[in-house]
Amino acid sequence: MGTSVLPMRVGVLTGGGDCPGLNAVIRAVVRRGVQDYEFEFVGFRDGWRGPLEGDTVPLDVQSVRGILPRGGTILGSSRTNPLRPDAVDGGISGVERIKDNLSGLGVDALVVIGGEDTLGVATRLHEEGISVVGVPKTIDNDLGATDYTFGFDTAVNIAMEAIDRLHTTAESHHRALIVEVMGRSAGWIALHAGLAGGANVILIPEKPFSIEKVCAYVQHRFQTRYAPIVVVAEGAHPIEEDSEIGSQKLDAFGHIRLGGVGQMLAEEIEKRTGKEARCTVLGHTQRGGTPTAFDRVLATRFGVHAICAVRDGAFGTMVALRGTDIVRVPLADATRELKLVPQERYAEAEVFFG
Ligand code: F6P
């Protein structure tokens, strides 16, 4: 029991796309905060919407029991952006509304669990004087300053299992099967799941692809009497692209809702090779369900270290994985630049194409 720690009331929120392991972080933050520092907690519902509207949920040791293996987030999530003009209410800006609600609730500090957008807002709120510690999450694994985010390993395993299953049915029917996985700007899920699942082509957002070349790999694979599996990240696009793929709907952070590249590719492969090609979109199955052991451990360690950072008054920092250590880095470092797949890493996968 820490006796020299000042009692604090700490708010916790989860923002952006959910991912397996969020509940493990919440549990670890609360368990350590209550047991070791005698902190009190307030849960905010649905990402930044919670502090913006003062929408809270009780958070204590009892309420985090049993949630370690549960997917999703007990706090709910949203892509609410309090920095947008429509967050202004009665002439009061989103930032001021959050400050007012935090002081009204007696919340001294926030643990913010999020990706690029949620932590981008956290960085800005820290500059505005709010005490914030960040925890990095995203299945995309594209946050800078940390080697891995939790949620990624689970998503990769789900996609790998799907690829394993698709191999056998593709071979029975002599079809090309295209698997569209998530990955808006970075192809980490496609790269890891494709490598682990023995895909014959992997296409990522970082490297525009030639449909002709993909078709050549597909033909070659059929010649070896095996059926090709093509893994494509939803954010990948062809060199010869002449129209936008996916819908034009934007979220509160201005991102286009992706999806559709796999179907486009299946149609082109079928047209150009004369072989049947079908597409499977894994979509949100990659974000749902129970976290892997790796993600449970990483999320738990992040939670334990995040509340320790709050205790130390290390605000404006984010916990991050460096090698096997959990370290603190400036929040701004996490969101300054996305961590993309380097060319050398992609080249390792290219060895197995065709
Ligand atoms: O950022 C994580 C992510 O899963 C991306 O891979 C994907 O493009 C996006 O979220 C989808 O978000 P939503 O579920 O809000 O459409």
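I started with β7, which is joined to strand β8 (residues 229-233) by three bridges, the two running parallel. I count two strands as paired if DSSP finds at least two bridges between them. Helices (H or I, at least four residues) and strands (E, at least two) are DSSP runs, numbered from the N terminus. I looked up Val-201 and found its bridge partner in β8, Val-230.

A note on the source: this is a predicted model, where local features need pLDDT of at least 70, side-chain atom pairs count only at pLDDT 80 or more, and totals for chains, interfaces and linings use all residues. Residues are numbered from 1 along each chain as its sequence is written, and side-chain values use heavy atoms, with hydrogens and water left out.

Next I traced the whole open sheet: four strands in the order β7-β8-β6-β9, with parallel pairing. At its edges I found β7 (201-203) and β9 (277-281), each pairing on one side only.

Then I turned to helix α6 (residues 188-197), which lies across β6, β7 and β8 and runs at about 170 degrees to β7. For such angles, axes are lines fitted to C-alpha atoms, for helices over the stretch in contact (heavy atoms within 4.5 Å), and angles run from 0 to 180 degrees between N-to-C directions.

How many of the 10 residues of α6 are buried? I found eight, where buried means under 20% relative accessible area (1.4 Å probe, protein chains only). Among them are Trp-188, Ile-189 and His-192. The buried residues pack against α5, β6, β7, β8 and α11 (343-350).

Last entry: Gly-198 follows α6 and has a positive phi, near 65 degrees.

Definitions and conventions: Buried < 20%, exposed > 50% of the residue type's maximum accessible area, 1.4 Å probe, protein only.
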